[in-house]
Amino acid sequence: MSSEHKPVVAENISKTFGQVTALQNISFETERGEMFGVIGPDGAGKTTLFRILTTLLVQTSGSAFVDGYDVKGDFRKIRKIIGYMPGRFSLYGDLSVEENLNFFASIFKVNPKDNYYLIKDIFHQLEPFRNRKASALSGGMKQKLALSCALIHKPSVLFLDEPTTGVDPVSRREFWQMLDRLKAIGITIIVSTAYMDEALLCDRIALMKNGILLGVNSPAGMVASYNNRLLAVKGDDMHSILKVLRDIKVVKSAYSFGHEHHAAISPDFGGDAVEKISQELTARGLNDTLVKSIKPSVEDCYMELSAN
Amino acid sequence: MKQFWVFVKKEFMHIFRDTRTVMILLLMPVVQIILFGFALSNEIKDVKFAVLDHSKDAVTTFITERISQSEYFIFARDISTEEEADYLIKSSQVSLVVVYDNNFRENLVRDGKSQISLVVDGSDPNTASGVLRYANSIIASSNEHILRLSGFTPLSAEKPTFIEPVVELLYNPQMKSAYNFVPGVMGLILMLICAMMTSVSIVREKEIGTMEVLLASPVRPVIVILAKTVPYFILSVINLATILLLSVFVLGVPITGSIYWLVLASFIFIFVSLSTGLLISSFASTQVAAMLISGLVFMMPVMLLSGMIYPVSNMPYLLQVVAQFIPAKWFIEAVRKLMIQGLPVTSVLKELFIMTSMAAAFTVLSIRSFKQRLE
């Protein structure tokens, strides 16, 4: 754990499986003690990226370093200093909560008591179930146990691959609060998620799509760099509205967003965008539509970046 | 090393938490031994026979008596026509009809031979051949008495004496089937527990995803995998003891040779089976695949080609060649020699050597194919 090295450095990583390109020229760096989010839908290549960084797969080209160690050559050193929580529950269902924790502590040759302070907050909630078999825990509890097991050896970098997928909203929020506390202790956290709302909880985020890194920035910086004007459109016939929006010249892109449609207006358009779109919609026989100007979210940035 | 025992402890936890599987693993040899020993026995007992005696002289009476006295046959009745014989066999009232020719004794004295026909129901070839074998051996063993009774004395060397083909069964004079299947069951059970259970439990880690976590930890994969073999080794030793105890005390199959060498040969075979399991686990990525590979590629040939059911020497050449590569074949041969025939260890050196080489080769192969990563 040398402070002069960045916790994670990726330089032009590509990975192909046969004919399929899973990752293409991925480059980024993380800072010590930051919460770095890898955001993207299923199939974006998040898990492949995590597996390369955790030395489970070898990249086809490019290089990557964790705490200064090469993921290819120094994989044994990396395996001592990282914590990894794969996307699906991967603890022993037939062992109890306590047995799982002790087992993972012993494979890292640590005494679970020594690092208990790290997991105290998390494990505290598992205390009542310490003798329950891991398979009998609820989804949120399973994640907490998996996180405890990934943390028990006080890793320098913690890799969490979609830790909140399939977890209820309350447990998700709790989970992120725990990550915040870990960050405060100084552990660098690399976390992936398909939920855009979770991007806001990260210090910096990397947006991924189809194996390509769309951009790396802080959530605020990401939003600030969004240079389109964004409108939200609502009406009775949502289907026709979307079709019409996509036909309008000044609209760069239009897509459904929850209960409304978002339309990105090219920055070149000088006039009143709300006025213009309302007129266009009415002109095509779509009355009773509500058009308003809104602030972009990370998801809008994602849509914008992935369109280019 | 400490890590190794941590893993061994964990493996034991997995096994003992799965009570049903443990019960199956521990009871399987008992059930198999009992099934093979009693239900599937092709031994013959209390076979009813009829006699069609055209001569009714001292010799034929003597032979009939000898057959009735044996524990295998029960005299049913005397009959007088061939039709009656046919009918009795067809209606399954008797399984054997002994037919003596006319002038049995006279022929014997004059020509030095006479004919007995043994009529059996061939629709059940196993029973039929058993009945024939037993009857033959009773008649053959009575030769001397028959000669004395008939008053026949060989006149010269040219004149043929009363000679029946003498089938002498060594080692297993009663042709007890237990002698044949005990080595087979040993081979089967040990292969099943070691190869199938070991490979399935390794592949389970891949399937439930724990292997991914373990690979991203400082533990060496070889420790994870070798630790898997320890509990199954111990289970195999328990089963080995069960099989040997049951066969000696329940089936009455003696261990005529040295028990130490027998145990050593079994240990070598257990190592071969464990290494087979390791090898399977490096190919298979799902538990079902591991089960199928060990079942179809390893278990079936063990049963069919190892000489457990069919003798290897009766197989077509190609299958005989294939059989040479089946570890259980060598194990079963070694057990037959050491346990049943009571031969010294020098007679099984070849078998032990081949099994040891197989274990070494499989272990090296599987250690080389252990992956440090996911692919």
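This is a predicted model: local features need pLDDT of at least 70, side-chain atom pairs count only at pLDDT 80 or more; totals for chains, interfaces and linings use all residues.
Biologist: How many residues of chain A are in contact with chain B, and how many of chain B with chain A?

Modeller: The two sides are counted separately, each residue being listed under its own chain. On the side of chain B the count is 26 residues, and on the side of chain A it is 33.

Biologist: What area is buried between chain A and chain B?

Modeller: Carbon and sulfur atoms give 57% of the area buried between the two chains. In chain A, the residues that lose the most area to chain B are A:L56, A:R79 and A:Y92, which together make up 23% of what that side buries. For chain A and chain B, the buried area comes to about 2700 Å².

Biologist: Which residue of chain B meets the side chain of A:R51 in a salt bridge?

Modeller: Across the interface of chain A and chain B, two salt bridges are found by the rule. In the one made by A:R51, the distance from N to O is 2.9 Å, which falls within the 4 Å cut-off. The partner of A:R51 is B:E212.

Biologist: Which element gives the most residues to the side of chain A that touches chain B?

Modeller: Between chain A and chain B there are 16 residue pairs in polar contact, both residues being at pLDDT 80 or more. The elements giving two or more residues to this side of chain A are β1 (8-17), α2 (75-81), β6 (82-85) and α3 (97-107). By class, the side holds 17 nonpolar, five polar and 11 charged residues. With five residues, the element that gives the most is α3(A).

Biologist: In which sense do β1(A) and β2(A) pair?

Modeller: The two strands form a hairpin with two residues between them, and A:G18 in the turn has a positive phi of about 65 degrees. Within this pairing, A:V9 stands opposite A:E29 of β2(A). Over six bridges, β1(A) and β2(A), the latter covering residues 20-29, pair in a sense that is antiparallel.

Biologist: Why does A:S171 count as buried?

Modeller: A:S171 lies in helix α6 of chain A, residues 169-185, and its side chain makes a polar contact with that of A:D168 at 2.7 Å. A residue counts as buried under 20% relative accessible area. A:S171 therefore counts as buried, because its relative accessibility is 12%.

Biologist: What share of the residues of chain B count as buried?

Modeller: The secondary structure of chain B comes to 15 helices and four strands. Among its contacts between residues at least 6 apart in sequence, 76% join residues at least 24 apart. Of the 375 residues of chain B, the buried share is 48%.

Notes: Residues are numbered from 1 along each chain as its sequence is written. Chains are lettered from A and ligands numbered from 1 in the order in which they are written. Side-chain values use heavy atoms; hydrogens and water are left out. Contact means heavy atoms within 4.5 Å. Buried area is the accessible area (1.4 Å probe) that two parts lose on being put together, summed over both. A polar contact is a pair of N or O atoms within 3.5 Å; within protein, one must be able to donate a hydrogen and the other to accept it, and residues adjacent in sequence count only if both atoms are side-chain atoms. Ala, Val, Leu, Ile, Met, Phe, Trp, Tyr, Cys and Pro count as nonpolar, Asp, Glu, Lys and Arg as charged, and the others, Gly among them, as polar. Two strands pair if DSSP finds at least two bridges between them. Buried means under 20% relative accessible area, exposed over 50%, partly exposed in between (1.4 Å probe, protein chains only).
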